[in-house]
Amino acid sequence: MKNILAIETSCDETACAIIDTDYNFKSSVVTSQIDIHKRFGGVIPEVASRMHIEQISVVIKEALLKAGLTMKDIDYIAYTYGPGLIGSLHIGSIAAKTLAFFHQKPLIAVHHLKGHIFINQLVKNLEFPLISLVVSGGHSEIVYMKDAYSYEIIGTTLDDAIGEAYDKVARVLNLPYPGGPQIDKLAKLGKNTYKLPTPKVDGYNFSFSGLKNAVIQLINKLERNNEELIKEDLACSFQEVALKILIDKTILAIKNYNVKQVVLAGGVACNSRLRELASQEFTKYCDLILPPLAYTTDNALMIGAAAIKEIEKNNFADLSQPSVPSIPINE
Ligand code: KG4
Ligand code: ZN
């Protein structure tokens with residue numbers, strides 16, 4: 001068994017974790033910048049990079065301390081090389097490369113979304129073929145995996161990611177950033193009373209910008225007509241339409257690809273209604289892994305978990321490995 005020190009800095013969480021190559025948890029430290037970005041209503045890339053610089057050494061030190069290990073006990077250094085904010089990615093990359101170079105350890109460059117999927121291996125054995133519904137602030141994808149090393153994006157959003165749609169709808173409802181958790185909470189208090197359109201998209205793809213615009217137009221119309229807006233009901237109505245799209249497309253994929261398992265991944269996998277619907281619907285067809293809440297949003301443990309797959313394939317990076325702001329999971 002070998003120890004992996006993993007670093008994640010792709011967006012607004014500065015994180016370091018230690019995991020061994022048998023998926024045993026050693027430590028996980030995440031510092032979130034949400035309180036700072038809240039003031040601006042969203043992530044400001046320049047501010048995020050500066051915060052990563054301040055936090056990166058602190059989280060690395062703390063992860064080692066919590067695991068009761070020193071750099072001598074670490075066998076591999078893993079980090080997120082993309083996708084994400086380029087300035088933020090660079091901080092994690094520089095930290096990982098410095099550690100790898102100074103301590104002469106192999107370096108592993110990990111795709112952020114592979115991390116969101118493989119953190120689930122800490123919950124339960126992944127069984128292939130599987131479908132992963134990857135839903136985050138920047139991504140909405142249905143990924144088919146025939147084995148642990150192959151990724152096929154069979155469905156994706158044609159415009160906004162689901163988390164982005166949640167955050168934008170939250171903003172027009174004057175809710176604080178990040179909006180997803182706020183809509184989730186509010187929707188529990190409301191009813192599905194507002195009629196919103198379901199976009200018609202063929203196959204496994206989906207689209208959320210029409211739905212988001214319909215919400216904005218509805219709010220404007222109610223304001224113009226001096227009619228009362230029941231925020232709870234609108235949050236509930238938006239969520240029901242948005243999630244039904246994801247659930248229906250995933251069921252279509254589960255059936256057609258005849259998979260053994262479906263795995264939820266990414267920040268939106270926190271959503272209580274999505275978890276409820278997934279448990280009700282997906283389990284009619286196959287096994288389901290619902291990650292615990294701490295594993296859904298960005299963390300470094302997920303990067304360590306996905307690094308194990310790269311080690312198995314002897315897929316190591318060198319110091320010239322670039323950070324990449326946008327790169328599909330299957331490249
Ligand atoms: O995976 P993540 O932490 O970062 C990215 O890689 O994007 O996902 C963040 C996204 C945000 O858009 C946030 O609003 C959304 O996940 N989110 C939620 C919930 N918790 C976080 N969306 C809906 N319901 C939630 N409970
Ligand atoms: Zn993420």
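This is a predicted model: local features need pLDDT of at least 70, side-chain atom pairs count only at pLDDT 80 or more; totals for chains, interfaces and linings use all residues.
Residues are numbered from 1 along each chain as its sequence is written, while chains are lettered from A and ligands numbered from 1 in the order in which they are written.

The domain assignment, whose bounds come from an automatic or database source, divides the protein chain into domain 1 (3-118 + 295-312) and domain 2 (125-290). Their centres, taken over C-alpha atoms, are separated by 27 Å, and 17 residues of domain 1 are in contact (heavy atoms within 4.5 Å) with 20 residues of domain 2. Between domain 1 and domain 2 an area of about 1500 Å² is buried, and carbon and sulfur atoms give 73% of that area. Leu113, Ile117 and Thr296 supply 38% of what domain 1 buries against domain 2, which is more than any other three residues.

## Salt bridges

A salt bridge is counted here when a side-chain nitrogen of Lys or Arg lies within 4 Å of a carboxyl oxygen of Asp or Glu. By this rule the whole structure holds 13 salt bridges, whereas the interface of domain 1 and domain 2 has 0. One of the pairs in the structure is Lys114 with Glu310, with the closest N and O atoms 3.4 Å apart. This pair links distant parts of the chain, since Lys114 belongs to helix α4 (residues 112-118) and Glu310 to helix α11 (residues 301-312), 196 residues apart.

Helices (H or I, at least four residues) and strands (E, at least two) are DSSP runs, numbered from the N terminus. Axes are lines fitted to C-alpha atoms, for helices over the stretch in contact, and angles run from 0 to 180 degrees between N-to-C directions. Angles under 35 degrees count as roughly parallel, over 145 as roughly antiparallel, 65 to 115 as roughly perpendicular and the rest as oblique.

The axes of α5 (residues 162-172) and α8 (residues 231-257) come within 12 Å and cross at roughly 175°, and α5 and α8 are therefore roughly antiparallel. Ile162, Ala165, Tyr166 and Val169 of α5 meet Phe238, Gln239, Ala242, Leu243 and Leu246 of α8. Sorted by class (Ala, Val, Leu, Ile, Met, Phe, Trp, Tyr, Cys and Pro as nonpolar, Asp, Glu, Lys and Arg as charged, and the others, Gly among them, as polar), this contact of α5 with α8 has 8 nonpolar, 1 polar and no charged residues.

Helix α6 (residues 179-187) packs on α8 at an angle of about 110°, with the axes 8 Å apart, so α6 is roughly perpendicular to α8. α5 and α7, in turn, pack at about 5° with their axes 10 Å apart, and are therefore roughly parallel to each other.

## Backbone details in the loops

A cis peptide bond, with omega of about -10°, joins Gly82 and Pro83, and Pro83 is found in the loop between β4 (76-82) and α3 (86-103). Another cis peptide bond, with omega of about -10°, joins Tyr177 and Pro178, and Pro178 has its place in the loop between α5 and α6. Asn226, although not a glycine, has a positive phi of about 55°, and this residue is found in the loop between α7 (209-224) and α8.

Key: Side-chain values use heavy atoms; hydrogens and water are left out. Buried area is the accessible area (1.4 Å probe) that two parts lose on being put together, summed over both.
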